[in-house]
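Subject: Structure handover

Hello,

I am passing on a structure for you to look at. My notes on it follow below.

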Amino acid sequence: MEEFFERFRREIRRIIREFEEELEELRPMWDVNGALEPLISITKRPDKYIVLVDLPYADLNALSIEVKGRRVVIECSLSNELRFERWSAYGHTKFNRYHTEFLLPEDIDPTNIIIEKDDERKVVRIIVPRKIL
Amino acid sequence: MLKQPLRKHSFNGIEIYEYNELGIKHPSYMVLGLPDAGLVGALATKYMTLNLGMDFIGEVDSSRLFQPITVIHRGIPFSPYQLYINKERNILALVAEAPLPISAVYPMAKSIVEYASLVGIDYIISLSGIAVPNRLEIDKPKAYWIATTPEAQEIMKKTELKQLNEGFVVGPYAVILKESKRRGLHNIAILVESFLEFPDPEAAATALQAFSQITEIKIDVSKLLEEAELIKIQARELMKQTKKALARMQKGYEMQMPLMYT
């Protein structure tokens with residue numbers, strides 16, 4: 001019986017995960033309040049995760065990265081407000097900052113996170129150690 | 001440009017619509033800019049059409065294999081896969097504004113090769129990125145080439161670019177290379193070191209400089225580099241969609257080494 005419930009729980013988690021992924025695909029990477037969502041790349045290494053965040057046109061002096069457990073919240077202003085006369089079907093739009101939130105994998109050790117900024121390329125590298133099991 | 005196509009070519013479930021006459025007997029080059037690692041080909045080819053003032057000539061579509069997407073430019077609906085021509089410089093270019101679904105990769109690649117053969121293209125030139133894990137540390141990305149005929153190889157050996165001797169290529173360009181080799185068509189693939197998951201205008205500029213070396217057609221890439229950050233912002237959504245498509249194609253193979261006898 002216990003095995004049946006465990007399978008049931010796994011199946012429910014899988015369905016929720018798929019549903020969240022589908023919602024993610026539908027969501028645009030910008031909002032009408034002036035925020036852009038940056039692209040993120042996560043690479044797994046034996047002892048760490050390397051998270052790259054692409055922040056073109058950002059003022060990296062105004063970068064804020066908050067890590068609470070597995071949740072990462074990134075905020076950063078743009079160097080200047082960007083105005084677009086035509087942006088998708090939305091017409092006139094302006095952007096002034098980046099904002100994103102994401103979850104790191106379960107086996108991270110959040111105590112010794114290193115953050116490096118490449119101001120020329122506007123890429124931020126977050127090195128997150130993995131737990132030694 | 002709201003008019004009906006002059007003709008339609010059908011290959012493998014893919015339709016190519018021509019709205020205007022090519023206007024030249026046979027274009028020397030067909031440049032392909034399909035979304036791939038770092039959007040290198042897509043950015044390079046789009047920039048080429050603007051920089052060389054190329055004219056819209058046709059579009060590629062498939063009711064069976066493509067997603068139901070229409071892109072609107074200046075109020076006019078187009079397929080996300082468009083053909084442009086520059087008659088003076090003898091170039092036909094395929095610009096792509098959406099990634100290919102995995103089920104369309106083989107039919108699209110084969111259709112491109114068949115169409116190139118039909119209109120008498122001399123050289124198919126594929127512009128692409130090849131993802132490298134240390135891209136952040138590389139100031140000037142290197143360009144590599146693969147060619148499908150001895151004549152094309154001879155041309156490339158005269159350039160400063162390096163031949164890719166061992167490795168994997170994944171995606172539509174991989175199929176175009178195989179098909180071109182089998183048919184004896186000249187296909188040159190230019191692969192530039194790039195980010196996998198971020199748009200890479202610097203790598204796109206390197207791809208265009210490599211194209212200029214091969215064809216002696218000058219393309220000023222200064223504006224592409226000046227506006228790189230803005231281009232990266234505008235290309236984020238396409239990169240996000242392309243990343244998903246590449247994962248389905250097992251793009252990670254390109255970072256592996258094939259079995260070797262040494």
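Two strands count as paired if DSSP finds at least two bridges between them. This is a predicted model, and the pairings below are read from it.

In chain A, strand 3 (residues 48–54) and strand 8 (residues 123–129) run antiparallel and are joined by seven bridges. At one point along this pair, A:Lys48 lies opposite A:Pro129 of strand 8. Both strands belong to an open sheet of four strands in chain A, ordered 2-3-8-7, with antiparallel pairing. Strand 2 (39–44) and strand 7 (114–118) are the edges of this sheet; each has a single partner strand, so one side of each has no neighbour in the sheet. From one strand to the next, the twist averages 15 degrees.

Another open sheet in chain A has four strands in the order 1-6-5-4, and its pairing is mixed. Here the edges are strand 1 (35–36) and strand 4 (64–68), each with a single partner strand, so one side of each is left without a neighbour in the sheet. Strand 4 pairs with strand 5 (residues 71–84) in the antiparallel sense over five bridges. Within that pairing, A:Val67 has A:Val72 of strand 5 as its bridge partner.

Chain A as a whole

Chain A has one helix and eight strands, and from the N terminus the elements run α-β-β-β-β-β-β-β-β. Its radius of gyration is 18 Å, well over the 14 Å that the globule rule gives for 133 residues, so chain A is more spread out than a compact globule. The C-alpha trace of chain A spans about 60 × 35 × 20 Å along its principal axes. Of the 133 residues in chain A, 17% are buried. Among contacts in chain A between residues at least 6 apart in sequence, 51% join residues at least 24 apart.

Chain B, strand 12

In chain B I looked at strand 12 (residues 186–194). Nine of its nine residues are buried, so the strand is largely enclosed by the rest of the structure. Both of its faces are covered: the buried residues include B:Ile188 and B:Val192 on one side, and B:Ala189 and B:Leu191 on the other.

Strand 12 of chain B pairs with strand 9 (residues 123–131) in the parallel sense over nine bridges, and B:Ile125 has B:Ile188 as its bridge partner. Strand 12 of chain B is also joined to strand 10 (residues 143–147) by five bridges, and these two run antiparallel.

Regards

Key: Residues numbered from 1 in each chain as written. Chains lettered and ligands numbered in written order. Predicted model: local features only at pLDDT ≥ 70, side-chain atom pairs only at ≥ 80, totals over all residues. Axes fitted to C-alpha atoms, helices over the stretch in contact; angles between N-to-C directions. Buried ≥ 20, exposed ≤ 12 C-beta atoms within 10 Å, placed from the backbone. Rg over C-alpha atoms; globule rule 2.2 N^0.38 Å. Contact = placed C-beta atoms within 7 Å.
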